[in-house]
Amino acid sequence: MMRSCIIYLATLSLFYTGACQTNRKAQTPMPSMTKTVFGKLPDGREVYQYTLTNQAGCKVQIINYGATVRSLYVPDRNGKIEDVVLGYDNLQGYIDGTAYFGAIVGRYGNRIGKGRFQLDGKTYQLTINDGENHLHGGKVGFNKVLWDATVIRDTDNPCLRLQYVSPDGEEGYPGTVTLKVTYTLTEKNEVRIDYEGTTDKPTILNPTHHSYFNLTGAFTNTILGHLLLIEANDFTPVDEGLIPLDLIMSAEGTPMDFHNATAIGARISNQDEQLAIGKGYDHNWVLTRKFENRIRKAAELYEPASGRLLTVFTDQPGLQFYSGNFLDGTAKGKNGIAYQHRTGLCLEAQAFPDTPNKPRFPQVTLRPGQIYRQTTIYQFSTR
Ligand code: GLA
């Protein structure tokens with residue numbers, strides 16, 4: 001508590017905490033970081049919201065429960081700044097929510113078949129929380145825990161580091177894992193996410209970020225008119241439980257082909273076995289391998305009416321594109337809006353689902369002495 005107060009005061013003196021700008025042409029704000037109390041957990045611990053603002057007037061709000069991006073304000077082609085991610089108005093929404101809005105997901109983003117895997121000859125059983133499978137780290141994943149937050153001062157950009165120490169055995173995973181996630185809001189209107197993880201025993205680690213984007217500026221609109229391009233030729237087809245078959249398949253000529261920018265709604269209702277299983281798009285694309293382990297463009301999401309363009313960069317091998325198929329109006333989000341079917345979509349950079357059981361997929365084993373790293377950048381511009 002004392003420590004975070006000191007850091008906070010130091011931050012206030014470092015950054016001018018200008019008011020939120022609603023118009024880009026208005027007086028240019030300085031980059032800033034503010035901290036407010038967002039709520040209290042049932043055990044009494046306080047949850048904070050950090051507001052990062054850049055000079056272009058973009059703003060990202062992050063809470064340290066789930067290391068969650070709660071809102072993200074970016075301009076349209078006329079400079080109108082609006083929120084483009086789904087979320088809740090209050091902490092209770094995040095405590096009760098089941099959709100992973102804006103959270104860091106882990107230890108393993110997406111599914112592990114039957115929640116079981118072998119490592120160094122030992123079988124581990126993880127929590128089963130999605131049919132007969134393990135999903136997004138289990139019942140209490142990284143999205144449902146309180147992270148320690150530190151404002152990073154040695155940068156020109158507002159920058160927040162969150163850290164969570166996951167105890168040995170949590171949700172069935174071996175090893176004590178320490179994960180640091182650093183959010184930076186740059187002057188290029190990028191939300192940059194740097195991950196760094198370590199362990200004290202051999203384990204697996206594959207975290208991801210789970211924002212639901214809707215670039216229209218109104219969460220009552222669906223995302224079906226957004227144009228999506230994915231830098232991939234192949235995807236991993238799945239079984240009925242959304243576990244990849246041990247196969248990498250060409251997307252060419254199928255509704256999975258996003259090599260050229262295509263409206264999400266154009267083929268989502270096609271008669272297609274994979275779309276039927278996913279109830280829409282809920283698949284992993286195999287990002288072009290040429291630059292594997294280096295940050296390269298993974299996807300572009302364009303919304304023609306607003307002109308907003310989101311470009312995703314990552315060093316990860318895969319991208320899970322989920323078209324918000326499970327949203328059904330039960331989640332009451334910001335400003336009391338009930339999020340209806342396909343009013344948000346996720347672009348989750350990660351290793352492929354069920355990798356520990358698929359030796360041919362790029363592996364995610366982490367051993368003591370090694371450092372897990374990931375960088376994923378969500379860059380906003382207009383066209
Ligand atoms: C991921 C999964 C989906 C779904 C959502 C959360 O993207 O692939 O099947 O579980 O998260 O609702």
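Good morning. I begin with the ligand, which is surrounded by 13 residues, the closest being Arg111, His136, His210, Asp282 and Glu348. A residue is near a molecule or strand when one of its heavy atoms lies within 4 Å of it. Please note that this is a predicted model, in which local features need pLDDT of at least 70, side-chain atom pairs count only at pLDDT 80 or more, and totals for chains, interfaces and linings use all residues. Residues are numbered from 1 along each chain as its sequence is written, and side-chain values use heavy atoms, with hydrogens and water left out.

What classes of residue make up the shell around the ligand? The shell has 6 nonpolar, 4 polar and 3 charged residues. In this scheme Ala, Val, Leu, Ile, Met, Phe, Trp, Tyr, Cys and Pro count as nonpolar, Asp, Glu, Lys and Arg as charged, and the others, Gly among them, as polar.

Next, the polar contacts. A polar contact is a pair of N or O atoms within 3.5 Å; within protein, one must be able to donate a hydrogen and the other to accept it, and residues adjacent in sequence count only if both atoms are side-chain atoms. Histidine 136 places a polar side-chain atom 2.9 Å from an oxygen atom of the ligand. For histidine 210, a side-chain N or O atom is 2.9 Å from a ligand oxygen atom. For glutamine 320, the distance from a side-chain N or O atom to an oxygen atom of the ligand is 3.4 Å. On its own the ligand has 300 Å² of accessible area, and the protein covers 95% of this. Accessible areas come from the Shrake-Rupley method with a 1.4 Å probe; for residues, only the protein chains shown count as cover.

I turn now to the sheets. Strands of a sheet pair through backbone hydrogen bonds, either parallel or antiparallel. Helices (H or I, at least four residues) and strands (E, at least two) are DSSP runs, numbered from the N terminus, and two strands pair if DSSP finds at least two bridges between them.

Strand β22 (residues 296-303) pairs with strand β17 (residues 227-230) in the antiparallel sense over 4 bridges. Across this pairing, leucine 229 has glutamate 300 as its bridge partner, and leucine 227 stands opposite tyrosine 302. Strand β22 also pairs with strand β23 (residues 308-314), again antiparallel, over 7 bridges; here leucine 301 has leucine 310 as its bridge partner. β22 and β23 form a hairpin with 4 residues between them, and glycine 307 in the turn has a positive phi of about 80°. Is β22 mostly covered or mostly open? It is mostly covered, with 7 of its 8 residues buried. Buried means under 20% relative accessible area, exposed over 50%, and partly exposed in between (1.4 Å probe, protein chains only).

A further open sheet has 5 antiparallel strands in the order β19-β18-β21-β24-β25. Its edges are β19 (249-250) and β25 (346-350), each with a single partner strand, so one side of each lacks a neighbour in the sheet. Strand β24 (residues 318-322) is joined to β25 by 5 bridges, and leucine 319 stands opposite alanine 349 in β25.

My next topic is the aromatic rings. Rings of Phe, Tyr and Trp (its six-membered ring) pair if their centres lie within 6.5 Å; planes under 30 degrees apart count as stacked, over 60 as edge-to-face and the rest as tilted. The structure holds 22 aromatic pairs. In one of them, the rings of tyrosine 322 and phenylalanine 326 have centres 5.9 Å apart and planes at 35°, so the pair is tilted. Tyrosine 322 is buried, at 6% relative accessible area, whereas phenylalanine 326 is partly exposed, at 47%. Both belong to a cluster linked by ring pairs, which also includes Phe38, Tyr88 and Tyr94.

Finally, the backbone. A cis peptide bond, with omega about 5°, joins glycine 106 and arginine 107. Asparagine 110 has a positive phi, near 75°, although it is not a glycine, and it is buried at 2% relative accessibility. Thank you.
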